[in-house]
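User: I am new to this structure and would like to go through it step by step. Could we start with how the chains meet?

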Amino acid sequence: MRFSEAEGRTIVATESADTVGKITGFVVDPGTARVVALRVKKAHGEGDTLPWSDLIAMGADVVTVEKAMSVQVAHGQLLEQGHKRHEIVGKRVLTERGDELGRVRDVDFDPGDGRVRALVTTGEEVDGVRLMGVGSYAVVVRA
Amino acid sequence: MRATEIVKRPVVTLSGEDVAQVKDVVYAADRGTLAGFTLNGRGLLAGPLKTSLPWSAVHGLGRDAVMIGHHDALVPRDDVLAQADSSGRDVLGSRVLTDDGTDLGTVVDVIIGTGGTTDVVGYEIDSSEALGKGGRKVLIPLPDTLAVSGENLILPAAARDFVTDDLAGFGAAVEEFRKRLHGSSTREASQRREASEQEDRHEVQ
């Protein structure tokens with residue numbers, strides 16, 4: 001599944017059958033090369049971040065969680081990683097050797113466990129295991 | 001890679017943060033290696049930083065960035081400048097002479113190898129008439145160890161045979177030149193090795 005496909009998808013709480021909100025972005029942890037949270041525009045109430053561990057399923061049409069409350073206000077590491085300046089799409093990709101490969105156009109991820117499979121760039125496709133860091137200037141990948 | 005192209009390149013951590021940009025390349029006293037880089041801050045009005053980047057802390061030197069592990073790889077500026085050529089003279093503008101007394105030209109840029117080890121592998125020089133290149137800029141390889149005396153750099157005369165204007169193929173020219181310099185000594189060493197191997201075989205029989 002791609003970020004571009006999943007963006008905008010509706011999130012529904014199974015407990016209440018309410019629409020919780022929709023996906024506006026993705027928070028990637030470069031250390032584990034996984035999506036660790038979804039950024040959410042909530043329909044009602046406070047909260048903008050849904051930790052991956054609270055998901056029931058990332059479905060083809062709709063994302064399910066148990067409770068609407070699972071969408072929290074981000075803090076700590078999730079707040080830092082989820083900050084706009086760490087947005088991965090559009091960021092330049094640098095190898096650890098200091099050569100630019102292109103810019104990230106999209107991200108291919110596993111909807112089952114959130115693993116980043118590959119970065120789709122304007123240059124070569126980069127396997128997710130090569131991910132080293134995501135910062136305000138660049139995504140850094142192994143050579 | 002040309003040293004003058006490294007100036008202004010961003011210094012980026014492996015976490016993807018641009019912490020500085022290269023201000024000047026600092027050469028070690030022997031001129032054959034880099035001591036490191038002095039730095040400017042990033043941003044329109046940023047001036048020189050009080051920290052510098054020592055060569056030992058460079059993780060990667062690429063076309064688009066100088067990579068470091070973490071921003072605490074930067075050290076106080078004086079630590080890097082202390083290793084530099086104490087004459088304070090920039091190698092640019094120095095005259096290149098052969099050991100048989102020919103003036104080859106003056107240095108206009110320093111070529112840094114980007115292969116396995118990154119060190120100074122050659123110079124770009126404004127060539128003198130002696131090279132017969134019409135005064136054009138050419139690349140000349142350096143041996144592993146370089147003799148520096150005052151404002152002049154002395155190269156083995158054989159360097160003339162490896163002068164080129166092709167930066168892409170320059171790495172190969174440097175290797176060929178260094179092989180030529182080491183040539184006679186390695187031939188002797190392998191002959192000695194063969195002789196002692198033959199002796200061992202006779203003893204076993």
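Analyst: In this predicted model, chain B and chain A bury about 1100 Å² between them, 51% of it on carbon and sulfur atoms. Buried area here is the accessible area (1.4 Å probe) that two parts lose on being put together, summed over both. The model is predicted, with local features needing pLDDT of at least 70 and side-chain atom pairs pLDDT 80 or more, while totals for chains, interfaces and linings use all residues; side-chain values use heavy atoms, without hydrogens and water. Residues are numbered from 1 along each chain as its sequence is written, and chains are lettered from A in the order in which they are written.

User: How many residues are in contact across the two chains?

Analyst: On chain B there are 17 residues in contact with 16 residues of chain A, where contact means heavy atoms within 4.5 Å.

User: How many salt bridges and polar contacts are there between them?

Analyst: The salt bridge count between chain B and chain A is zero; the term requires a side-chain nitrogen of Lys or Arg within 4 Å of a carboxyl oxygen of Asp or Glu. For polar contacts, the rule finds 13 residue pairs across the interface, both residues at pLDDT 80 or more. A polar contact is a pair of N or O atoms within 3.5 Å; within protein, one must be able to donate a hydrogen and the other to accept it, and residues adjacent in sequence count only if both atoms are side-chain atoms.

User: Let us turn to the sheets. What is the strand order in the seven-stranded sheet of chain B?

Analyst: That open sheet has the order E5-E6-E1-E2-E3-E4-E7, with mixed pairing. Its edge strands are E5 and strand E7 (75-76) of chain B, each of which pairs on one side only. Two strands pair if DSSP finds at least two bridges between them.

User: How does E5(B) pair with E6(B)?

Analyst: E5(B) pairs with strand E6 (residues 66-68) of chain B in the antiparallel sense, over three bridges. Within this pair, Val58(B) has Ile68(B) as its bridge partner.

User: What joins E5(A) to E6(A)?

Analyst: A hairpin connects E5(A) to E6(A) through three residues. Strand E5 (residues 55-58) and strand E6 (residues 62-65) of chain A run antiparallel and are joined by three bridges; Ala57(A) stands opposite Thr64(A) there.

User: Which strands stand at the edges of the six-stranded sheet of chain A?

Analyst: The order in that open sheet is E10-E9-E8-E7-E12-E11, with mixed pairing. Strand E10 (126-127) and strand E11 (131-134) of chain A are the edges; each has a single partner strand, so one side of each is left without a neighbour in the sheet. Inside the sheet, strand E7 (residues 92-95) and strand E8 (residues 100-109) of chain A pair antiparallel over three bridges, and Val93(A) has Gly102(A) as its bridge partner.

User: Now some single residues. Is Ala17(A) buried or exposed?

Analyst: Ala17(A) is exposed, at 62% relative accessibility. Exposed means over 50% relative accessible area, buried under 20% and partly exposed in between (1.4 Å probe, protein chains only). Ala17(A) lies in the loop between strand E1 (10-13) and strand E2 (19-29) of chain A, and has a positive phi of about 65° although it is not a glycine.

User: What about Lys8(B)?

Analyst: Lys8(B) also has a positive phi, near 80°. Lys8(B) sits in the loop between helix H1 (3-6) and E1 of chain B and is exposed, with a relative accessible area of 61%.

User: Where is Thr102(B), and what does it touch?

Analyst: Thr102(B) is in the loop between strand E8 (95-98) and strand E9 (103-112) of chain B, and is buried at 19%. Leaving aside neighbours within four places in sequence, Thr102(B) is in contact with Val96(B), Leu97(B), Ala130(B) and Arg160(B).

Methods. Helix = DSSP H or I, 4+ residues; strand = E, 2+ residues; numbered from the N terminus.
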